Amino acid sequence: MIGCYVTGALPRPSELIEKTRAYERKRIIKKELEESFEKATESVIKAQFSAGLNYITDGMLKWQDLLRPFTEGLKGIEVGSLTRWFNNNTFYRKPIITDSVKRDKAIVKNMMYLGKMPKNLLWKAVLPAPYTFFSLSKNQYYKDKAEFMFKFAEIINEEIKSLAEVGFSYIQLSEPALVYEPLAPNSKKDKLALMNDVLEVAVKGTTIKTCLQTFFGDFSKILPEALDFPVNHLGIDSYETDFEKLKEYSFEKGVALGLVDSRSSLVEKPDELVEVAKEIIESIYRSKIEDVFICPNCDLDFLPWERAKEKMKVISSVTKHLREEFS
Amino acid sequence: MNKLFPTQEIGSLAKPRWRIKGYRGKALSEEEIAEAVNWGRKLGIENLEELVKLLSEGDSTNRKRAILEWSSKYAIRFFETAGLDIVFDGEQWRSEMYEHVIRKTAGFKFLGYVKSFDYRYFNKAACISKPKYAKSFYLDEFLFTRENTKREIKVPFTGPYTLVDWTFNEYYEKKFSGEIRDFKRRKFEAKRELLFDLIKDVIRPEISKLVDAGAKWIQIDEPAATTNPADEEMKLFVESFNEAVKGFNCIFSLHNCYSNYEILAKYACELRNCSQLSLEFANRDSRQTGTGNARIGYKKIKLFEEHGFHGNYGLGVVDVHTNFVEPPELVRDRILHVVKIIGDPSRIYVSTDCGLRTRTLEISFQKLKNMVLGAELARKVLR
């Protein structure tokens, strides 16, 4: 199919921002804040289906950062100091791994506004992927990266199953660090082989669709190994990826093309994006076109909400054009 | 400066409630007016009855301006009374380091709040046309400060790289959309052109005004300098600093904090006309006295030395994010530890990690006094 969805957290609408600020300054109580989150969640869900997106998320408005539900929700991890979020002017709290990591309850499912999700549409959820989680943490317990990543992959596996049970049909694993960090030629093979094995554990026994969404870095540098990763789709940040290199490979997997720039307020022209998408699709699918999703390159929450809404309309419009082209 | 270990602050100081509410035209409580009087007495400010009268008046343009001047005078006396050698006015004329400049420059539009972290946000602007100098943003504040102190002045100046990095770049991205196909290249070139247009048409004209008005030392604040550690971005940052300060008869320094010093160290020696790097270390350090192992927070200064930076250091010896008041002996040992690493004590200016605006005036005052005392203790040891 050719479809579209968002790639992660949506921006908090301005009324909600005001409430969170008021809460910080102790001017409103938790209950009032909670009501605002619910109301805002309803409106960001509605905006997604009004724009015509094929999978709907709950907007992740409560997530303080991609890792936080796990930083706070897992045993064995403590919340550390504010740290820059890649090359952005935003910050996350560094997970400090102090002990054996345990999940004693479902994490993301319990954060979701399940009652607000539209019954007749497909649902998508987002989880942090193991490499990124480790890379952004301070490890004081595990003997090496691999040991932690396998452990975290088991937790992700349980999370995916619990989300599938309540009706989610699509899981995005966010993996920015893998493409952001330099990848030395001599360690590339081992690193990506480890990724492959870890992902096997993460998706084992699950039947819903999964996407490894990379961003903030050049996707082409994890090729060709990524083509064999045990996920259904691979997510690509078009604002960081060398298209010419990408086009050298033939794909037998679906892709999520991050064609709209979440880190720029300029609203893209659909025509230009359609041209770029066509070119990529035609070169990476030489025999048969697989699933193609048009999406923002990363979480839209770098933008004010009003601008994010316009960008959702752009991805929807690009998707419509592409469907006409390739039907 | 002839004195060893001159003391300085970085820029911002908390604004008193009478400054914030008074400037907004809101009525002040008796308690808030009393606070103004108490601090005024403590700092030896003259004609306090005039301030009390002003604070009790209704809002007007003249009153706003007068309140800025009063709070500016308070901050200058505050730093002087604490004993600093190099002062400014605690940035009392500025709402915030980014917004203050962007609001006074043509070509930008604020789009609203975007997230910073947790429940914190910042008001982010987009560049929507070629930036144009509209009105001066630092000159009046500098002139007032100059009139009101005999101490050496260092003017904090938000750097162009940070202004650009914190701004959406609609105008230039659109401009390049027909010319450059590669999205990444397009964004980079758009950033580059915005940066150098801003330097040429806004930053340099303002520096020029300050220098003409007698500014001798301008500190370029670039918190975003290492946000993007890629080589081409770091080169762009260095080039932007060099271009901004080129050819002026003035001393320049760079302040960068809570950043990636491994990266900055590699590029610092390429900064031309940069007499001082003021860096933050105290917050990374232990609170035990002593030189050597206790000074874990100062490890990274070695990197700057190894990469060949020969200028001075504005050495952060006071953490601006805690209420812990560094004892003079701790300040002394932080200084002496770095003397051992770099050899030449005359390269050290004693400094806070960053601006003090998040601390109360009481805490800031104690911290600065101890910093001054600690510098004196260090001088005694070397005498």
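User: Which elements do the buried residues of α11(B) pack against?

Analyst: Two residues are in contact if their C-beta atoms, placed from the backbone, lie within 7 Å. A residue is buried if 20 or more other C-beta atoms lie within 10 Å of its own, exposed if 12 or fewer, and partly exposed in between. Helices (H or I, at least four residues) and strands (E, at least two) are DSSP runs, numbered from the N terminus. Here the buried residues of α11(B) pack against α10 (231-245), β8 (251-256), β9 (276-279) and α12 (301-306) of chain B. In helix α11 (residues 261-268) of chain B, six of the eight residues are buried, including Tyr261(B) and Leu264(B). This model is predicted: local features need pLDDT of at least 70, side-chain atom pairs count only at pLDDT 80 or more, and totals for chains, interfaces and linings use all residues. Residues are numbered from 1 along each chain as its sequence is written, while chains are lettered from A and ligands numbered from 1 in the order in which they are written.

User: What pairing is found in the open sheet of chain A, and in which order do its strands lie?

Analyst: Two strands pair if DSSP finds at least two bridges between them. In chain A, eight strands in the order β1-β11-β10-β9-β8-β7-β5-β2 form an open sheet with parallel pairing. Its edge strands, β1 (2-4) and β2 (55-56) of chain A, each pair on one side only.

User: How many bridges join β7 to β8 of chain A?

Analyst: Strand β7 (residues 170-174) of chain A is joined by five bridges to strand β8 (residues 209-213) of chain A, and the two run parallel. Leu173(A) stands opposite Leu212(A) in β8(A).
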